[in-house]
Amino acid sequence: MRVLGIECTAHTFGLGVIDDTYNVLIDERQTYQPKEGIVPREAAKFHKENANRLLEELDLDNIDLIGISSGPGLPPCLNFGVDFAKNLAKKLDRPIIGVNHCQAHIEVGKVFCGVEDPLVLYISGGNTQIIYNNRGYKILGETQDIGLGNAFDKLGRKVGLKFPAGPKIESLAKKGKFILLPYSVKGMDLNFSGILTEAMRKIEKGEKKEDVLHSFQEVCFSMLAEVCERALAATDKKELLLVGGVVQNQRLQEVLRRMCEDRGANFYVVPKEYAGDNGVMIALTALINWKEEKRIEPKVNPNWRIDSI
Ligand code: AMP
Ligand code: MG
């Protein structure tokens with residue numbers, strides 16, 4: 001069985017094809033590069049301009065199933081993506097199912113790390129959630145305002161870095177020293193926007209950018225370590241899996257790995273090439289759900305939460 005996955009929820013248009021033993025046969029992506037922050041309509045226009053060209057370059061013979069990432073995400077991108085996928089399914093005369101984008105980040109981590117039932121820390125542009133499976137995915141804690149990736153990108157813009165700012169912040173942060181920033185954990189939930197505002201204020205006041213970026217990382221990653229440690233204790237899980245674009249950050253990995261070592265928990269990180277948005281994770285999740293006979297309608301759902309699948 002060959003499955004095509006289509007990712008089109010935000011900045012990346014991705015096409016991935018896998019077979020039923022999870023071999024990756026095709027993995028193509030195009031990422032929209034905004035001058036400032038992501039403008040949803042512009043991102044959708046970018047996807048529209050690239051989708052057919054990308055599709056024509058691929059050999060899509062023998063596709064048995066199509067999966068489309070139908071939420072959560074930016075409505076203009078989702079509208080285009082779902083239409084595009086449905087038209088393709090009609091043309092190829094193949095079944096199509098909707099895939100939850102967050103579930104896809106998790107499944108690709110589980111499959112490629114070989115871990116079955118971990119506690120999951122999912123951090124991408126728009127999301128930050130601590131998730132575990134108990135007869136369906138449950139959210140134990142999450143950001144109450146912005147996703148950590150978006151906070152990185154906003155802070156990056158403030159110091160003149162282009163999207164995605166995360167990797168450049170990571171490298172500048174290595175040269176900084178710690179200055180105090182607010183720390184905000186509420187039970188199992190997190191807040192990043194207050195820290196972000198204070199970090200931007202410190203930049204405006206002329207603090208060294210390396211120091212602010214370093215401290216921003218240290219505070220946010222400590223908050224995540226606190227919440228994950230409590231989640232491991234509460235669920236009695238023995239494994240922590242990191243997924244989503246932000247988890248490529250080596251300092252984040254170091255902090256969470258240390259916490260896991262102290263607790264005797266095993267630590268896993270999704271392979272770098274599948275951390276950010278991609279079509280492979282959508283194909284893989286479509287296949288898993290198909291095998292379990294979960295046939296989800298491909299309907300645009302911008303606020304689709306993983307705990308409502
Ligand atoms: P995603 O939405 O899952 O594709 O992840 C994209 C987000 O990951 C963007 O906000 C990036 O700035 C962020 N990101 C990528 N690499 C890093 C990194 N090394 N450190 C922090 N954030 C990162
Ligand atoms: Mg994502």
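This is a predicted model: local features need pLDDT of at least 70, side-chain atom pairs count only at pLDDT 80 or more; totals for chains, interfaces and linings use all residues.
Colleague: What is the volume of the largest pocket, and which residues are the closest to its centre?

Modeller: Rolling a probe the size of a water molecule over the atoms shows where empty space is left. On a 1 Å grid over the protein atoms alone, a pocket is an open set of points where a 1.4 Å probe fits, with protein on both sides within 12 Å along at least five of seven lines; lining residues have an atom within 4 Å of a point. A volume is the space filled by probe spheres set on the points. For the largest pocket that is about 740 Å³. Its lining has 34 residues, and Leu74, Gly125, Gly126, Asn127 and Asn150 are the closest to its centre.

Colleague: Which element gives the largest share of that lining?

Modeller: That is α4, with four residues. Helices (H or I, at least four residues) and strands (E, at least two) are DSSP runs, numbered from the N terminus.

Colleague: What is the volume of the second largest pocket, and which element gives the most to its lining?

Modeller: The volume is about 580 Å³. Of its 24 lining residues, Pro164, Pro167, Gly245, Val246 and Gln248 are the closest to the centre. Again α4 gives the most, four residues.

Colleague: Which residues are the closest to ligand 1?

Modeller: A residue is near a molecule if one of its heavy atoms lies within 4 Å of it. Ligand 1 is surrounded by 18 residues, with Ser124, Asp153, Glu170, Gly245 and Asn249 the closest.

Colleague: Where are the polar contacts of ligand 1?

Modeller: A polar contact is a pair of N or O atoms within 3.5 Å. A polar side-chain atom of Asp153 lies 2.6 Å from an oxygen atom of ligand 1, and one of Glu170 lies 2.8 Å from a nitrogen atom of the ligand. A polar backbone atom of Gly245 is 3.0 Å from a ligand oxygen atom.

Methods:
Residues are numbered from 1 along each chain as its sequence is written. Chains are lettered from A and ligands numbered from 1 in the order in which they are written. Side-chain values use heavy atoms; hydrogens and water are left out. A polar contact is a pair of N or O atoms within 3.5 Å; within protein, one must be able to donate a hydrogen and the other to accept it, and residues adjacent in sequence count only if both atoms are side-chain atoms.
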